[in-house]
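Please examine the sequence and the model shown here. The report concerns packing within the chain.

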Amino acid sequence: MSSSNPSGASASLPPAPLWRRLAAMLYDSFLVFAIWIVVGFAVLYALGVNNARETSGELAQLTPLQNNVLFAAMFISAYLFFGFFWTHSGQTLGMQAWRIRVQNADGSAISWGQSLQRFCTAPFALLALGIGYLWMLFDRQRRTVPDIVSRSQVVKI
């Protein structure tokens with residue numbers, strides 16, 4: 001991916017407010033859950049778990065290997081969703097709806113490495129009552145922990 005500016009926008013756009021970021025996360029979570037349903041069915045079918053209920057009516061138990069494969073497939077599919085949008089246009093579908101974008105300080109698209117840093121940091125930033133996101137209320141540049149770790153910014157467009 002080139003580091004060109006995805007939409008010709010200025011690097012001096014204002015930081016996105018917390019409420020827009022949270023609204024976009026909520027919107028995107030519905031999309032990721034839908035992706036996980038499809039991926040889950042496909043992976044379970046590929047693993048030979050064709051019937052979730054045994055003949056006794058009890059739910060079938062997955063082996064540790066099956067659990068790990070399912071978790072990996074869900075992690076990878078969610079990362080590919082976010083990574084693709086962040087590295088191409090800087091916006092997931094939820095971010096488009098709420099008119100925010102992730103970008104580098106110069107306005108260029110973030111890299112796949114930066115998207116992985118954002119993706120892996122975000123769940124931890126939500127822990128402890130979202131302190132990693134509330135941090136932006138105290139940061140002079142209005143950055144969240146994922147912004148800081150990935151050396152990127154989320155701006156209002």
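## Basis of the report

The structure is a predicted model.

## Packing of α1 and α2

Helices α1 and α2 pack with their axes 9 Å apart, at an angle of about 140°. The two helices are therefore oblique to each other, since only angles over 145 degrees would count as roughly antiparallel. The crossing of α1 past α2 is right-handed.

On the α1 side, the residues that meet α2 are Asp 28, Leu 31, Val 32, Ile 35, Trp 36, Val 39, Gly 40, Val 43 and Leu 44. Their counterparts in α2 are Val 69, Leu 70, Ala 73, Met 74, Ser 77, Ala 78, Phe 81 and Phe 82.

## Nonpolar cores

The largest nonpolar core comprises 15 residues, and those touching the most other members are Phe 82, Trp 86, Met 95, Ile 100, Val 102, Phe 119 and Val 154. At least two residues of this core come from each of α1 (18–46), α2 (64–88) and β1 (100–103). The greatest contribution is that of α2, which supplies six residues. Another core, of five residues, lies apart from this one and includes Leu 18, Ala 122, Ala 125 and Tyr 133.

Phe 82 belongs to the largest core and also takes part in the meeting of α1 and α2. Beyond its neighbours within four places in sequence, Phe 82 is in contact with Asp 28, Val 32, Thr 92 and Phe 119. Of these, Asp 28 and Val 32 are in α1, while Phe 119 is itself named among the core residues.

## Val 102 in strand β1

Val 102 is located in strand β1. Its relative accessibility is 1%, so Val 102 counts as buried, the limit being under 20%. Not counting residues up to four places away in sequence, Val 102 touches Trp 86, Gly 90, Met 95, Ile 110, Arg 118, Ser 152, Gln 153 and Val 154. Three of these contacts, Trp 86, Met 95 and Val 154, are named as members of the largest core.

Between Val 102 and Ser 89 the C-alpha to C-alpha separation is 8.6 Å, and the two are 13 residues apart in sequence.

## Ser 115 in helix α4

Ser 115 is placed in helix α4, which spans residues 112–134. With a relative accessible area of 0%, Ser 115 is buried. Its side chain forms a polar contact of 3.0 Å with the side chain of Tyr 79.

Residues up to four places away in sequence aside, Ser 115 touches Tyr 79, Gly 83, Trp 86, Thr 87 and Ile 110. Trp 86 and Ile 110 are also touched by Val 102.

Terms used
Residues are numbered from 1 along each chain as its sequence is written. This is a predicted model: local features need pLDDT of at least 70, side-chain atom pairs count only at pLDDT 80 or more; totals for chains, interfaces and linings use all residues. Side-chain values use heavy atoms; hydrogens and water are left out. Helices (H or I, at least four residues) and strands (E, at least two) are DSSP runs, numbered from the N terminus. Buried means under 20% relative accessible area, exposed over 50%, partly exposed in between (1.4 Å probe, protein chains only). A polar contact is a pair of N or O atoms within 3.5 Å; within protein, one must be able to donate a hydrogen and the other to accept it, and residues adjacent in sequence count only if both atoms are side-chain atoms. Contact means heavy atoms within 4.5 Å. A nonpolar core is a set of buried Ala, Val, Leu, Ile, Met, Phe, Trp, Tyr and Cys residues joined through side-chain atoms within 4.5 Å. Axes are lines fitted to C-alpha atoms, for helices over the stretch in contact, and angles run from 0 to 180 degrees between N-to-C directions. Angles under 35 degrees count as roughly parallel, over 145 as roughly antiparallel, 65 to 115 as roughly perpendicular and the rest as oblique. A crossing is left-handed if the near helix is turned anticlockwise from the far one by less than a right angle, and right-handed if clockwise.
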